[in-house]
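This report goes through a structure with the sequence and the model side by side. Keep both in view while reading.

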Amino acid sequence: MEVEVCGDESAATFTFHNEDHTIGNTVRYMLNKMPETSFVGYSVPHPAEPKMNLRLQTVGPPATQVLHEALGNLYQVSEHVLKTFEAAVAKHRTEQGAPELR
Amino acid sequence: MKHVSEGGLPAHLEKQRTRMFVKNAAPEHTSTVEAASAYAASGLENSFSIERFRRDFRVEIQSLSAEEAVFDLIGIDAALANAFRRILLAEVPTMAIEKVFILNNTSMIQDEVLAHRLGLIPIRADARVFQFRGDPPDDPNEYNVISFRLQVKCTKQRSSGASPGPAVVGCAPSTAGSGASSDAGLLGSRVTSGDLEWIPQGEQEERFRDAPIAPVHDDILIAKMRPGQEIELEAWCEKGIGKTHAKWSPVCTASYRLLPEITLPKPVTGDDATTLKGMCPTNVFDIEDLAGVPTATVARPRNCTMCRECIRHPGWDERVLLTRVKDHFIFSVESTGALPPETLFQESVKVLMQKASDIATLLKDATAGQQSEP
Ligand code: SF4
C-alpha cells in the first residue's frame, strides 16, 4: 500500500494496491459518516489494474488519523455483525431443534 | 445535536430517507443519504456511531439448510451489505483443482479443456486448514495441496466368462442411468467426478478421517469416451479465491434484495379487491372480510418481486404504494458444498475484519516511512 499526502495534512490521496470496490466503497461510506470529513471519494482508475485510490479532505484533523478511525469503525461493525449473526444462527438451531451440521 | 434516526424530520422526508419508492416510470429516492452533515440545516446529525449500530442492528434467519441460507440483515447500509456479498463471491477461499498432470489422454476431449473442466468441480474440503501456495509457489506439501488421481478406460462389455466374441448389448453397471443408447454395451464410457480418487498425502488421511476429501457431487460428467480410449492423470487442488478464478468461488449465488413494503393508503374493497388480488402474479394480496366488507390486505409482502403489475393500470399507482426498506437486506447465500452457507457468511465477515486491520497496519507503516524520509 502506498500513501500520498498532498498539500496540508488535512487532505490526502491514499493508493490501495490489490484492493477494489469492496474496501473502497465501505471505507468511503464509513468516512462519509464521520463529522471530521468534508470530502471523500474513491476510484478504481482501470479495472485491469489492481489499484484503488481514495481521496480524503477533512475539516482539520490529519487525514491519516481520520482514515485510521474509519478503519477502526469498520472493524468494530464487522465484529458486531459476526457476533449477531452467530447468535442468530444458534437461536435458529435451538428453535428448529436441528443439530449442528458439522 | 439530535440524530436523524431519533425523529425530527418531516414525515415525507423521513420516508424518503428510509424507503425507496417503486413508481411506474422508475424507482425514486434510491440513494442513501450518507454525509454526516446532510441534515445539519434541519438541526439534525447523520453521523455513524458504533453504539447506535450495536443497539439497532439485527439478524433474523429465515431458513437454513446444508446448501442455502436465507437471512435478514436489518439496520445496516448497502455499502457494508454489498461488501459482504462481494467478498462471498470473490474473496472467501476454497480448494479447487489447479494443476493437472496428464499422463495419457486418448479421449476426444483436449488436454486443456479437460483440465478446465476438472478445475470447475467443487471439492469438499475445508480451505481454512490449508495454506495458499503463494507466488512464486511454495513447495507442495500436505498443507497446501490435495492430490487426486483419475484413471479410467473405456471398454466393450463382454458376456461374462465368454471367449472373445461380439459385444453384448446392454447397459453396463457404471453407465446405469445414462439412458443413451450409444453408451450401451460400453464400460466406463462416462467419466464422472466420482471417478476422481483422492490420494492422501502425509497425515491427510488421519486429519480428514471424519470428512474424507472428495468432489461434492459424484455425478458431474467430465468426459465421454469410446472403446479403447483412456484418461490417466493426476490433479492437484490448491487454495485460492474467486477473484483469481471463478472456480474458487465458494457460492453458487450470493445475493440480496431489499425488503418489499406494500401499503394501501385507502382500503381497497369489493370488486377492486378481487381485481387487485388477481393482478399480482406472486400472490401478495389476500381478501379479508372486515366488518362485512371484502377488503384487500397485504398478506405476503416478501413474495413481491416489484414487478409493478399492480400499479400499471391507470389510477392504481395512487391506490398501491410500492416501497422497499433501505436498511433491510434479505440475503440469500447458496453454497457450492465445500462449507455450509452460514459458515461462508461468517468467513466473509472475517475477511472484511482482516482487511480493515491489515490496512490500518499498512497505513501506519506507510506514514511512518514517509515522515522519516528527508
Ligand atoms: S409489484 Fe408485482 S409482485 Fe409486487 S405486489 Fe404488485 S403485482 Fe404483486
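## Chain B as a whole

Of the 374 residues of chain B, 44% count as buried. The model is a predicted one, and the values in this report are computed from it. Chain B contains nine helices and 20 strands. Its radius of gyration is 29 Å, well over the 21 Å that the globule rule gives for 374 residues, so chain B is more spread out than a compact globule. Along the principal axes, the C-alpha atoms of chain B fill a box of roughly 90 × 80 × 35 Å.

Contacts can be sorted by how far apart the two residues lie in sequence. Taking those in chain B between residues at least 6 apart, 74% join residues at least 24 apart. The accessible surface of chain B is about 18700 Å², and carbon and sulfur atoms account for 51% of that area.

## Chain A

Chain A has two helices and four strands. Along the sequence they come in the order β-β-α-β-β-α. Of the 102 residues in chain A, 48% are buried.

Among contacts in chain A between residues at least 6 apart in sequence, 54% join residues at least 24 apart. The accessible surface of chain A is about 4900 Å², with 50% of it belonging to carbon and sulfur atoms.

## Charges and salt bridges

Chain B carries 41 positive and 50 negative side chains. The centres of these two sets lie 4 Å apart. Side chains of opposite charge can pair when their charged atoms come close. Over all chains, the whole structure has 26 salt bridges.

B:D72 is buried, with a relative accessible area of 0%, whereas B:R302 is partly exposed at 31%.

## A pair within one helix

B:R312 and B:E309 form another salt bridge, with their closest N and O atoms 3.1 Å apart. Both residues lie in helix α7 of chain B. They are three residues apart, which is about one turn of the helix.

Is B:R312 buried or exposed? Its relative accessibility is 51%, and B:R312 counts as exposed because the cut-off for that class is over 50%. B:E309 has a relative accessible area of 23% and is partly exposed.

## A network of four residues

Salt bridges can also be linked to one another. In chain B, a network of salt bridges connects B:D126, B:R128, B:E347 and B:K350. One of the pairs in salt-bridge contact is B:R128 with B:D126, where the closest N and O atoms are 2.9 Å apart.

B:R128 has a relative accessible area of 43% and is partly exposed. B:D126, at 23% relative accessibility, is also classed as partly exposed.

## A residue that touches chain A

B:Q346 belongs to helix α9 (residues 341-372) of chain B. Which residues does B:Q346 touch, not counting those up to four places away in sequence? They are A:L82, A:F85 and A:E86.

The relative accessible area of B:Q346 is 13%. Buried means under 20%, so B:Q346 counts as buried.

B:V22 is in strand β2 (residues 19-22) of chain B. Its relative accessibility is 10%, and B:V22 counts as buried.

Leaving aside neighbours within four places in sequence, B:V22 is in contact with B:P27, B:M306, B:R308, B:I311, B:L322 and B:R324. One of these contacts, B:R324, is 302 residues away from B:V22 along the chain.

Note on methods
Residues numbered from 1 in each chain as written. Chains lettered and ligands numbered in written order. Predicted model: local features only at pLDDT ≥ 70, side-chain atom pairs only at ≥ 80, totals over all residues. Heavy atoms only, no water. Rg over C-alpha atoms; globule rule 2.2 N^0.38 Å. Buried < 20%, exposed > 50% of the residue type's maximum accessible area, 1.4 Å probe, protein only. Contact = heavy atoms within 4.5 Å. Areas by Shrake-Rupley, 256 points an atom, 1.4 Å probe, with all protein chains shown as cover. Lys, Arg positive; Asp, Glu negative; His and termini not counted. Charge placed at Lys NZ, Arg CZ, Asp CG, Glu CD. Salt bridge = Lys/Arg side-chain N within 4 Å of Asp/Glu carboxyl O.
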